[in-house]
Amino acid sequence: MPVARPVAILGGVRIPFCRQNTAYSDVGNLGMSVRTLGALVERFGLHGQTLGEVAMGAVIKHSSDWNLGREAALSSGLSPLTPGITLQRACGTSLDTIAHIGNKIALGQIEAGIGGGSDTTSDVPIVYGKKLRARLLEVNRAKTPKDKARALLKGFRFSELKPEFPGVGEPRTGKSMGEHCEDMAKEWNISRDSQDAWAVSSHKKLAAAYERGFFDDLIVPFRGVSRDNILRPDTSLEKLATLKPAFDKTSGRGTLTAANSTPLTDGAAAVLLSSDEWAAAHGHTPLAYLKDVQSAAVDFVHGEGLLMAPTVAVPQMLARHGLSLQDFDIYEIHEAFAAQVLCTLRAWESEEYCTHRLGLPGPMGRIDPEKINPNGSSLAAGHPFAATGARIIGTVAKELAQRGGGRALVSICTAGGMGVVAIVER
């Protein structure tokens with residue numbers, strides 16, 4: 001087995017993220033992915049070049065989408081000799097696609113590749129129930145028009161026409177992610193005020209990053225949009241305080257609202273990675289390096305918090321490198337909900353949780369809030385499920401480059417009780 005090589009992050013590109021059923025309502029995953037990959041190809045002069053692989057992903061997709069990574073690559077301007085693959089791990093999808101490409105580069109299997117993802121909650125697959133599908137298959141098998149009519153009409157009930165939409169609940173529990181996170185907020189005593197304050201801070205940070213031009217080469221306009229249309233720079237604690245709970249509406253103890261939870265979002269993002277040798281040969285300077293990636297899972301069916309897996313994955317990864325939680329200059333913690341971030345931070349400060357659940361000698365300790373999500377995160381930008389990881393990696397790599405060095409911890413919770421985390425260094 002070859003010795004692992006450094007994995008260079010050359011840069012990322014994304015389209016503005018947009019609230020569902022707005023600018024990208026009729027585009028779909030392929031259209032958003034093609035625009036994003038095409039912009040990356042243009043930015044790095046990759047037209048006609050053959051890369052080792054393009055890995056893309058999407059959580060909500062049609063059966064007709066086939067291999068999104070390959071189809072998007074074929075329309076991106078890259079050589080058609082570039083292979084493509086499609087992966088999926090809910091909200092961690094594009095961090096996983098980046099890890100997939102990074103691992104191949106590290107082992108010398110390829111020299112350069114692209115990892116990314118897209119998601120739409122506007123162009124969702126709507127299917128019909130099992131009875132109607134069985135009826136239509138029977139019609140298709142029938143030989144004569146008379147037999148087809150009989151198969152279509154015999155015993156027909158209009159209730160068979162009721163469509164089925166993509167599920168929003170965990171199959172094992174029937175609860176939505178928001179309901180699960182509401183349970184976590186109660187378990188960890190996370191207040192409504194602290195969640196709202198976190199959300200306001202995210203909007204302010206993202207707006208400030210736009211104003212200083214941080215995203216000028218990270219975000220490409222699409223469909224007449226040049227900024228994330230979820231962003232509300234004028235939001236305030238007073239405005240957020242007027243909103244009603246979104247998930248626990250009856251107990252009087254609900255704290256998660258539409259503002260301190262990520263909205264349903266459409267968007268795409270991608271990142272170019274390579275070996276040092278490939279970067280030098282093509283005239284590119286790495287922004288940072290992908291040091292390590294770790295995934296973990298929790299038993300949310302039997303009582304653990306659905307979105308707490310990053311608390312497990314991070315110490316596992318840090319142990320490999322002899323690092324503590326405080327050995328980072330930046331922390332990029334995906335804001336699925338403000339409560340999820342606050343629960344994670346509180347768990348790492350808890351002696352009981354760290355010793356009994358994580359098996360550590362004591363609490364992992366506190367993180368300086370000023371180092372967390374310095375350019376805003378998902379509460380302000382939005383969260384197209386499979387695009388968030390690539391958004392974060394592209395953002396944190398540029399942030400480290402502008403600072404001239406440092407180390408970043410990336411943490412993403414996912415549906416299914418999993419988490420994907422990473423270390424990025426310069």
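Visitor: What makes Asp96 count as buried?

Guide: Asp96 has a relative accessible area of 16%, and buried means under 20%, exposed over 50% and partly exposed in between, with a 1.4 Å probe and protein chains only, so Asp96 is buried. This is a predicted model in which local features need pLDDT of at least 70 and side-chain atom pairs count only at pLDDT 80 or more, while totals for chains, interfaces and linings use all residues. Residues are numbered from 1 along each chain as its sequence is written, and side-chain values use heavy atoms, with hydrogens and water left out.

Visitor: Why is the contact of Asp96 with Arg89 called a salt bridge?

Guide: The N to O distance between the side chains of Arg89 and Asp96 is 2.5 Å, and a salt bridge asks for a side-chain nitrogen of Lys or Arg within 4 Å of a carboxyl oxygen of Asp or Glu, so the pair qualifies. A search of the whole structure finds 19 salt bridges.

Visitor: How do you know that Glu111 and Arg5 link distant parts of the chain?

Guide: Their side chains meet in a salt bridge, 3.1 Å from N to O. The two residues are 106 residues apart, with Glu111 in the loop between helix H3 (93–106) and strand S5 (112–119) and Arg5 in the segment before strand S1 (8–14); helices (H or I, at least four residues) and strands (E, at least two) are DSSP runs numbered from the N terminus. Glu111 is partly exposed because its relative accessibility is 32%, and Arg5 is partly exposed at 22%.

Visitor: What makes Lys398 and Asp217 a salt bridge, and where do they lie?

Guide: The closest N and O atoms of Lys398 and Asp217 are 2.6 Å apart, which is inside the limit for a salt bridge. The pair spans 181 residues, from Asp217 in the loop between helix H7 (192–211) and helix H8 (237–240) to Lys398 in helix H14 (residues 388–403). Lys398 has a relative accessibility of 10% and therefore counts as buried, while Asp217, at 35%, is partly exposed.

Visitor: Why are helices H10 and H11 called oblique?

Guide: The axes of helix H10 (residues 309–321) and helix H11 (residues 338–349) cross at roughly 45° and come within 9 Å. Angles under 35 degrees count as roughly parallel, over 145 as roughly antiparallel, 65 to 115 as roughly perpendicular and the rest as oblique, so H10 and H11 are oblique to each other. Here the axes are lines fitted to C-alpha atoms over the stretch in contact, and angles run from 0 to 180 degrees between N-to-C directions.

Visitor: How far apart are Ala8 and Ser275 in sequence and in space?

Guide: Ala8 and Ser275 are 267 residues apart in sequence but 5.8 Å apart in space, C-alpha to C-alpha. Ala8 lies in strand S1, and at 0% relative accessibility Ala8 counts as buried.
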